[in-house]
Amino acid sequence: MLPPYANLNTVFDIADIFKQLYGYKPAHVPGFPPSPVDGQSANIQPATRKTTNLYGTPLYGQADMIGREVFSPITIEVDGVDYYFPFAVIGFDRELTVKEVEMSELGGSAKQIINKKDWVITIKGFLIGDYEQFPDEKLKMLNDVFDFARPVRLKSATSDIFLHNNDQVLIYKLSIPEKPKVIGVRDFAMQIKSDSIFTLYYQS
């Protein structure tokens, strides 16, 4: 059942809210229709549902066991075989390598950007056993992905934005914490780094 406020025909003047926050009232707020005339309701048409990211990767995956769509599922390709993780989230972290030289006379420091470090990627999710049974087959699948011990391909609507030119990564760590008194669900976490493709030549 919808909450009682869901059916209220409330009109918000976005321009007035903008003025309260920033001190001035724009003639038109991008992305919103003009403010309604007194006594009229705003006619806001629902936006078309977005189903792919800017590179065309689908935002939604297969439905889960009760028929709900899964947003931005994660696929890890190992030696040409796709391993699908629907119940997972992903985070990205990256730093610059910066060389700093202290300035004795001027104060502060001079900074030289050397390069961009690898993306540090964290995946956290859970495996659900069928009919609330122990998910041993899915745990084995997860272990097989880690045991490959070579670069793999990471694919999702989110990772495609950051790793669009090269989706090759290396899994550094796999964690499966204890889960007391729970049989059918197991948490997991993976620590991953992006893996640039270089050909190295050794000359003696």
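Q: Which residues does Ser194 touch, not counting residues up to four places away in sequence?
A: Contact means heavy atoms within 4.5 Å. With residues up to four places away in sequence left out, Ser194 touches Asp118, Trp119, Ile121, Leu163, Gln168 and Val169. The model is predicted: local features need pLDDT of at least 70, side-chain atom pairs count only at pLDDT 80 or more, and totals for chains, interfaces and linings use all residues. Residues are numbered from 1 along each chain as its sequence is written, and side-chain values use heavy atoms, with hydrogens and water left out.

Q: Is Ser194 buried or exposed?
A: Buried means under 20% relative accessible area, exposed over 50%, and partly exposed in between (1.4 Å probe, protein chains only). Ser194 counts as buried because its relative accessible area is 11%. Of the 204 residues of the protein chain, 24% count as buried.

Q: What does the side chain of Ser194 reach?
A: A polar contact is a pair of N or O atoms within 3.5 Å; within protein, one must be able to donate a hydrogen and the other to accept it, and residues adjacent in sequence count only if both atoms are side-chain atoms. Here the Ser194 side chain reaches the backbone nitrogen of Trp119 at 2.8 Å.

Q: In which strand does Ser194 lie?
A: Helices (H or I, at least four residues) and strands (E, at least two) are DSSP runs, numbered from the N terminus. Ser194 belongs to strand E9, residues 185-194. The protein chain has three helices and nine strands.

Q: What is the order of the seven strands in the open sheet?
A: Strands of a sheet pair through backbone hydrogen bonds, either parallel or antiparallel. Two strands pair if DSSP finds at least two bridges between them. In this open sheet the order is E2-E1-E7-E8-E9-E6-E3, with antiparallel pairing. The edges are strand E2 (81-85) and strand E3 (88-93), each pairing on one side only.

Q: How many bridges join strand E1 to strand E7?
A: Three bridges join E1 (residues 74-78) to E7 (residues 152-155), and the two run antiparallel. One example is Thr75, whose bridge partner in E7 is Lys155.

Q: How many bridges join strand E4 to strand E5?
A: Seven bridges link E4 (residues 96-102) with E5 (residues 109-116), again an antiparallel pair. Thr97 has Asn115 as its bridge partner in E5. The hairpin of E4 and E5 has six residues between the strands, and in this hairpin Gly107 takes a positive phi near 80°.
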